[in-house]
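Have the viewer open as you read.

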There are 2 protein chains.
Amino acid sequence: MREIPYKIYLEENEMPTQWYNVRADMKKKPAPLLMPGTLKPATVDDLSSVFCRELAQQELDDTTRYFDIPTEIRDFYRMYRPAPLVRAYCLEKKLGTPAHIYYKFEGNNTSGSHKLNSAIAQAYYAKQQGLKGVTTETGAGQWGTALSMACSYFDLDCQVYMVKCSYEMKPHRREVMRTYGAKVTPSPSMTTNVGRKINEEFPGTSGSLGCAISEAVEAATNQEGYRYVLGSVLSQVLLHQTIIGLETKTALDKYGIKADMVIGCAGGGSNLGGLISPFAGEMLRGEADYELIAVEPKSCPSLTRGTYAYDYCDTGKVCPLAKMYTLGSGFIPSADHAGGLRYHGMSSIVSELYDQGILKATSVKQTEVFKAAQEFARIEGILPAPESSHAIKVAIDEALRCKETGEAKNIVFGLTGTGYFDMVSYQKFNDGVMADYIPTDEEIAKVAATLPQF
Amino acid sequence: MREIPYKIYLEENEMPTQWYNVRADMKKKPAPLLMPGTLKPATVDDLSSVFCRELAQQELDDTTRYFDIPTEIRDFYRMYRPAPLVRAYCLEKKLGTPAHIYYKFEGNNTSGSHKLNSAIAQAYYAKQQGLKGVTTETGAGQWGTALSMACSYFDLDCQVYMVKCSYEMKPHRREVMRTYGAKVTPSPSMTTNVGRKINEEFPGTSGSLGCAISEAVEAATNQEGYRYVLGSVLSQVLLHQTIIGLETKTALDKYGIKADMVIGCAGGGSNLGGLISPFAGEMLRGEADYELIAVEPKSCPSLTRGTYAYDYCDTGKVCPLAKMYTLGSGFIPSADHAGGLRYHGMSSIVSELYDQGILKATSVKQTEVFKAAQEFARIEGILPAPESSHAIKVAIDEALRCKETGEAKNIVFGLTGTGYFDMVSYQKFNDGVMADYIPTDEEIAKVAATLPQF
């Protein structure tokens, strides 16, 4: 058997040339998006006023199994991909586990996460359509950074509405975006109707993701040659993110490794969906079996404690409705430090896979997540993002379980990014002042009661 | 001819197993270190009270050509090495140059720079010697971060004296170190005699690198089982950093590429020395010819405007004296944003290679450096450290010169690290409020007059 290196790098000619659309292999498809107002299934024309046409088509296509990755996107991918599949030899040794632990590391790029995989695709299609620019919102800032990089590469204007409290608390993220030429506006701003309205109603508000989305959508529809783009939740985003899972699968196959378990953190579901899609596909086609595990924060447990129902994707209720596991669009997650996982709903693809039993889910507390993050950083050398560390926590737990049972399982998890811009959170952990918040059943039920009924 | 990929990754079994000591190939050797006080050449015994014994031996050995890299260090290297040699296809295209541009990227690790290459070696030898821990100083924080990671891996205590203004201005760097378990103390502190003395003389001082060195040395000598370690300037550090140049050479050879020009930024000289050593070795042995270029900031131009003389390595004058190109240990560089290049002197190996004409040197202004950094970030996707961007600036200039002459030169430069913790500096550039400072001839002469005379 070939010796497995610390890092499995594919050759550039082994990189995937197509994205994989797992919906094509699902007998029961995710429920269609519904337009707000009419509550009728969204058409490509409906979506094209807000999204690029090509992306609207990808969004609604649940039968085409593979989409060619355009050459221009593959060229960009080659600047930071293939991403390594790392064998966590040091962690295994430290834990004394018979398990083999692998992680797919998506943090080796300036956006610091997997977000760039979809940002470059969305920027490309915008450019192809002859657009001038795109608008988006960003909370923690990873998506905004990724989109800024992508737009800079294709010479597109990039307008980012950044939640005001993040804009002020994370000036470094903001400056990375500016360095890439993006126009970053604190939200709520005075540049949109919705922004002005909110500023008037709530003077001094520090903003919210819901408001930033509404501003970005308004800015896109009010400017000639602009469209709105989104970094997670949507099926198009999951499609682009399958590059993660496809590379992982190819790397494992190259060394004859059969994964027993694939673990990913879940916020909107894009990295998780991208990672597990090729594995879920094999399960759906009856070719193989895997244990696929979504890890979410206990503070925002959409899969483990949410309702599977139609809900609005945004707080402002301007976007289409999706059937998904949701806590309700009015659910306000606590100020958990994994900002990227603070989303009330879940990708409709991930939700449907979960509902069909292809995917399992579990939830973890943030203090135990940071403990795992610190341990991982010290042993494997990579300082992980709080979001990614949810997967680390569960991977370590599973490896320790193998230590008890003596099983030499192959555990694969997604390490979506680095925590270099999360040091304020790490400081809280280092100082021992980080708390956990778990919503009560009453709190969950109260918001669930407000889900749209029809 | 084999097609050259975007990123040349060596296989793990192609990684160097020995460091290369360029001094062995120098007919005229760098002048010996002199002990302060006696002004006699330092012996291994002299140095062993401050440094680990094995490192003291490496420091003084100018005849052994290769040193085996211990297995434990090679295992650690495999967590983040081999580092990629990147073909800057996108940059070439954007510049429209016939030149081929390659960069060795050392930023894919949590310390964010090449510093880890020597930190892990120094921590290893400390552990081998049975020490409890090590002390060091850090200014910008890259070295402190690297050492924290290395000590955490070998379970050594790590005490970092961080210049007080950095400690306060760069809390994120500080937290990375703490996450790796290091004890970080703002310098001047009240934990050492020299710290107390300085605090008494200059109440409210924000500290200096010179003072932090003196505190770290005192802390090492006053604690049983501790030694002091340093991240640049020393010959032992250059030795460890030759892993950069050796990997670069192997990757180039693998694809039959002959470098015409090798460019690196120069502060204390460790990354530059490590990068150019194998190339300089071939020149010294008369086997090949290269254009080797050191790039320093115009604000701190030790090679281009300094004196080749014996000088103190630290402001506190507690360390041995080295013969080097120096501006004088009393030279206070302006608050340039490339903190890692703000050093009054230069590695004695680099100095001697420069004096022998093996190495050339040039200097650049920080505003033009940040302009190049921004251009590079937008085209190649990597947000570079201000230090590294000095090399980028000159590489771009050389590529543009090739455009004029039509020469298809192979330009190789060292991209030592990322700028994620330098966003305050980028913000100054983005806001258009960054200035340049170039010392006058009078200022240079005034400090040069204070060089030790003997």
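The two copies meet through the same surface, because 100% of the interface residues of chain A are also interface residues in chain B (contact means heavy atoms within 4.5 Å). This is a predicted model, where local features need pLDDT of at least 70, side-chain atom pairs count only at pLDDT 80 or more, and totals for chains, interfaces and linings use all residues. Residues are numbered from 1 along each chain as its sequence is written, chains are lettered from A in the order in which they are written, and side-chain values use heavy atoms, leaving out hydrogens and water.

On a 1 Å grid over the protein atoms alone, a cavity is a set of points where a 1.4 Å probe fits but can't get out, while a pocket is an open set with protein on both sides within 12 Å along at least five of seven lines; lining residues have an atom within 4 Å of a point.

| Space | Volume | Lining by class |
|---|---|---|
| Second largest pocket | about 1,000 Å³ | 18 nonpolar, 6 polar, 19 charged |
| Second largest cavity | about 60 Å³ | 7 nonpolar, no polar, no charged |

The second largest pocket has 43 lining residues, and A:Y9, A:E11, B:Y9, B:L10 and B:E11 lie nearest its centre. A:L33 and A:F51 are among the residues lining the second largest cavity.

Methods. Points joined across faces, edges and corners; volume = space filled by probe spheres on them. Nonpolar A, V, L, I, M, F, W, Y, C, P; charged D, E, K, R; others polar.
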